[in-house]
Structures are given as C-alpha cells and as structure tokens.
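Here is a short briefing to read alongside the model. Have the viewer open and follow the topics one by one.

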Amino acid sequence: METIRVIRGMRDIHPDQALWWQRMERRLADTLRRYGYGEIRTPLLEPTALFARSIGEETDIVEKEMYTFQDRDGSSLTLRPEGTASVVRSYIENTQWKKEPVSRLYYLGSMFRHERPQKGRYRQFSQVGVELIGSLEPAADVEMIDVMVECMNAIGLKDTSLQLNSLGCSACRPNYRDSLVVYLKQNQGDLCDNCRRRLDINPLRVLDCKAEACRRVADGAPKIIDVLCADCAGHFQTVRKGLENLALDYEINHRMVRGLDYYTRTTFEMVAAGLGAQNAVAGGGRYDDLVKTLGGPEIPAIGFAAGLDRILLKLQDTIPEPASPPNIFVVTRGEAGWRASLELMRGLRRAGVQVCSDVRRGSMKSQMKQANRRGARFVIILGEDELTAGRVTVKDMHAEENSDQKQIQVPREDLHGFLLNRLGLLEGVVG
RNA sequence: GUGAGUGUAGCUCAAUGGUAGAGCACUGGUCUGUGGCACCAGCUGUUGAGGGUUCGAGCCCCUUCACUCACCCCA
C-alpha cells in the first residue's frame with residue numbers, strides 16, 4: 001500500500017524538537033504577561049474577504065500564497081496567512097473598545113502560506129504576534145518595539161539589529177507615492193521586470209527589491225521621512241527619543257516598506273545574522289486605519305509578528321539545548337513486583353516526578369538499558385527480594401561504581417521522602 | 001512560480017554499467033537480579049516512484065515526486 005506522507009512544506013515536530021518549542025513559547029508568554037498582554041486564540045480559518053481587505057488585494061500574499069477553498073455551502077474560506085487580521089476582526093466583532101480604552105493582545109500559532117519551501121520557510125509556520133490597539137501616541141510605538149526586543153532577548157536570540165522607518169499616514173503618503181512614481185518612471189529603464197510591474201500597483205515595494213540595479217535606483221529615491229506631514233514627523237521624532245531613553249540601538253532604513261498594505265507611520269524590523277536569505281525574524285508597525293477598513297470605528301493600533309521557525313533555527317546554533325528534568329525509572333521483577341510498582345509510580349508522579357517503567361516485560365538487563373537510554377537519574381528496583389524485605393533498591397545512575405551511594409536499600413515508607421529530597425537537591429543545583 | 005544540486009538500511013555514507021556494503025543505531029548473548037565499556041552474533045533495502053537504452057542499470061536517458069539551496073515572497 002502506498003504510504004501517506006506529510007504535505008509538502010509541512011512537518012512533524014518530534015518530542016526532542018518540541019522541547020525547544022516549549023521553552024521558547026514559555027519564555028515568550030512569560031515576557032508578554034509582564035507587559036500586561038493577554039493571549040487571544042482565534043480560528044485558523046477565516047472568510048477569505050478578511051485577508052483580502054486587510055492585507056491588500058494587490059499583495060503577493062493574497063494574490064498567490066493563500067490556502068483558499070470552498071466550504072460546503074460554497075463560501076470561500078482561507079487558512080490564516082497572518083494573525084493581525086483575525087485579531088482585529090475579533091476586536092471589532094466584540095466591540096472591545098467599549099469595554100476597555102486600550103487592548104493588549106498576543107497570539108502564538110500556525111500560519112499558512114503556499115510558498116516554495118526553503119530554509120526557515122515552511123507552508124505551515126509559527127508566529128508570535130503582539131497587538132496594542134487604542135493609542136495614537138508615540139508611547140505605544142515605543143512600548144511595542146521594546147516588547148519585541150525584550151521578547152527576542154528572553155528567548156536568547158543574539159546578533160540582531162533593529163531597523164526603523166516611517167511610512168506616513170493617509171494625509172502624506174499619497175504625496176510621497178506620487179513623487180516616488182515620478183522618480184521611478186525617470187529611472188524605469190534600470191528596474192527589473194517585476195519592479196516595472198510594481199510601479200503602477202505598489203510602487204513602494206520597489207524600494208525593497210533586492211535586485212542590484214533596483215537597489216541603486218532605490219538608494220537615490222526621495223526619502224519618505226523627508227516629506228512626512230508635520231504630525232507624522234513629530235510622531236517619529238518622539239518615538240526615536242523614546243528608543244534612545246531605553247538605549248535601544250536602531251538604524252533608519254529608508255527602504256523598509258513592509259509587505260502588507262495596512263501599515264502606516266512607524267514600521268520596524270529585526271534582522272538576525274546567519275540565517276541566509278531568510279534573515280528577517282520579526283517585523284511590524286502601525287496600522288492606524290485597519291480597524292476602520294474592516295468595519296470598526298477609527299481606532300489606531302500597532303503590532304509586530306515574529307517568525308518562530310527561523311528564530312528557532314538560529315537558537316539551535318547559538319544556545320544550549322533545553323535541559324531535561326531529572327527522572328526515575330522503575331525496574332520490576334515478576335508480576336508481584338510489577339503490581340507493587342503501580343501505586344508507587346502513581347504516588348511519585350502525583351508528587352511531580354517523571355517516572356517510567358518497562359511495558360514490554362523485558363529482562364532486567366533490558367530494563368536497565370531502557371533506564372539508561374531515557375537518562376534516568378535513579379532506578380528503583382522492585383523484585384522478589386525487595387518485596388519480602390519491605391524495601392526497594394535505589395540505584396544512582398550517575399554515582400561512581402564503587403561509591404557507597406551507588407545502590408542503597410530504602411524502606412518502602414521512606415522512599416517518597418528520600419527521592420524528593422535527592423531530586424530537590426538536584427534541581428537546586430541545576431537551577 | 002523560476003533556477004541549480006541531491007535522493008542507496010532507522011541515521012551518516014560507500015559500491016568502474018557486472019553478486020547492494022560499511023560504520024553508527026537497534027535486538028540478543030558473553031553477564032539467568034543490574035545500564036554505560038569491550039567482544040560475539042543477529043536484524044535492517046521494492047537503491048524515492050514510473051518508463052526507456054542495454055546481454056546486464058544504484059550508476060546512462062526521459063518523466064514524476066520529494067528534499068536542500070538560491071530567486072521570489074515574508075516573519
């Protein structure tokens with residue numbers, strides 16, 4: 001029979017890998033909790049129109065990367081390609097602004113984009129995203145950038161740099177767009193085919209084309225921060241001052257325009273060294289018009305998202321793997337030994353200790369090998385001898401071979417205290 | 001969507017167009033109630049799939065699928 005295989009661009013996360021994910025997710029959740037952000041879990045499936053309206057009909061994501069299909073009633077559904085649209089949809093649907101002036105939300109989970117798989121890029125991938133809805137003030141921008149930096153610090157990401165830009169607002173961006181188009185048309189001959197096409201539909205994206213020729217054109221292009229309206233310019237200045245108060249280093253990147261149409265004013269991105277072409281690990285910005293675009297009131301917001309798959313790739317090259325907690329293996333002899341082990345193990349587990357035993361009725365030697373493979377710190381031996389004596393044998397797998405601590409007899413009723421004591425001491429050392 | 005490279009045992013990799021192998025891992029034994037080390041033995045394959053050329057294909061050709069890297073896109 002033909003074997004069923006995993007779908008292209010998707011993969012299984014096995015237990016050893018899952019330990020890395022769990023640690024990263026734990027640290028993110030903990031950091032975000034301290035900033036007052038609460039987790040929101042939205043459906044993976046949304047009406048297609050949600051993404052078309054928020055991300056932009058003309059973007060690559062909407063044009064050719066979404067998993068879109070018909071539901072049984074004929075309506076068009078899409079697996080979410082990003083998280084912000086769903087959060088805003090939910091915000092509006094629940095009239096959240098009537099319940100609180102400012103909402104601090106984060107999400108963590110799978111997104112789907114039908115791209116060609118590559119290092120650090122999968123068709124199902126994980127993002128953490130953070131949204132701060134309800135403030136137009138630069139204070140919100142500074143908080144969001146600080147949260148992003150602290151999240152990356154918390155999970156141990158190193159060698160990163162922060163890039164900053166402003167895209168203006170609905171008042172000043174059209175002017176900039178016009179002058180950019182004029183400039184680009186003058187240099188049209190030097191642009192790549194793709195960018196010549198972009199000229200009409202999304203000219204700002206020409207600025208971050210990676211083609212050498214386009215980069216040269218982009219370098220000479222008018223800079224948006226030179227033509228911001230007074231409000232946007234003042235806002236950007238205050239954001240920069242706030243970042244300087246936090247001693248956050250950044251550089252202004254005039255060419256960073258982001259790939260989603262909903263961004264306004266401040267945009268920012270974090271890039272990491274050593275990830276090849278997929279070096280953008282986190283990015284975000286203001287989306288002051290999005291709530292209104294999706295049918296809500298005029299409420300400004302800012303947020304960012306981070307790509308956890310590629311971040312994890314880098315972490316695995318730079319920081320130690322997660323330590324597995326001390327654990328215990330129970331070796332039994334005979335049916336009486338096995339039966340006696342059942343309650344003993346349940347008691348230890350209820351006390352918080354990881355305990356396993358053989359479920360194959362293997363030989364003593366085979367059971368010891370399993371204990372070793374699992375990295376058990378202690379082995380408890382429960383056989384005929386122990387049963388008749390009312391004791392168990394406790395073997396310390398790490399102790400020296402002829403140490404008097406290597407293997408000792410412990411009365412059944414003292415076992416709990418003995419192990420918890422020893423493991424507690426161990427955990428104190430491990431920290 | 002475009003381009004290049006690679007597909008052989010669970011893993012890492014050998015094999016001039018001529019009998020598919022090694023190391024590691026796994027299982028058992030030496031050691032009948034004691035892991036790691038050593039030694040011994042055993043297990044493991046439609047050579048990604050399909051077709052073609054040939055007396056003969058893991059090797060050459062075509063198709064297809066997958067993976068990797070880059071373009072592109074983005075986090």
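Chain A has a mean pLDDT of 91, and 97% of its residues reach 70 or more. Please keep in mind that this is a predicted model. For the complex, the predictor gives an ipTM of 0.88 and a pTM of 0.92.

**Domains of chain A**

- Chain A is split into two parts: domain 1 covers 15–172 + 228–315, and domain 2 covers 327–422.
- Taken over C-alpha atoms, the centres of domain 1 and domain 2 are 49 Å apart.

**Around RNA strand B**

- RNA strand B is surrounded by 50 residues, and the closest are Glu115, Arg198, Arg205, Glu401 and Lys406.
- Of the atoms of RNA strand B that come within 4 Å of the protein, 52% belong to sugar and phosphate.
- By class, the surface near RNA strand B holds 24 charged, 14 polar and 12 nonpolar residues.

- Arg113 has a side-chain N or O atom 2.8 Å from a sugar or linking oxygen of RNA strand B.
- Ala282 uses its backbone instead: an N or O atom there lies 3.1 Å from a sugar or linking oxygen of RNA strand B.

- Which element gives the largest share of the surface near RNA strand B? That is helix 13, with 7 residues.

**A cavity in the structure**

- Searching the whole structure turns up 1 cavity of 30 Å³ or more, and the largest cavity holds about 30 Å³ of space.
- The residues lining the largest cavity are Trp20, Arg23, Met24, Arg27, Ile155, Leu312, Leu315 and Ile319.
- Helix 1 (15–34) and helix 11 (308–318) each supply at least two residues of this lining, and helix 1 gives the most, with 4 residues.
- The lining of the largest cavity has 6 nonpolar and 2 charged residues, with no polar ones.

How values were computed:
Residues are numbered from 1 along each chain as its sequence is written. Chains are lettered from A and ligands numbered from 1 in the order in which they are written. This is a predicted model: local features need pLDDT of at least 70, side-chain atom pairs count only at pLDDT 80 or more; totals for chains, interfaces and linings use all residues. Side-chain values use heavy atoms; hydrogens and water are left out. Domain bounds come from an automatic or database domain assignment. A residue is near a molecule or strand if one of its heavy atoms lies within 4 Å of it. A polar contact is a pair of N or O atoms within 3.5 Å; within protein, one must be able to donate a hydrogen and the other to accept it, and residues adjacent in sequence count only if both atoms are side-chain atoms. Ala, Val, Leu, Ile, Met, Phe, Trp, Tyr, Cys and Pro count as nonpolar, Asp, Glu, Lys and Arg as charged, and the others, Gly among them, as polar. pLDDT is the predictor's confidence in each residue, from 0 to 100. On a 1 Å grid over the protein atoms alone, a cavity is a set of points where a 1.4 Å probe fits but cannot get out, and a pocket is an open set with protein on both sides within 12 Å along at least five of seven lines; lining residues have an atom within 4 Å of a point. Grid points are joined across faces, edges and corners, and a volume is the space filled by probe spheres set on the points.
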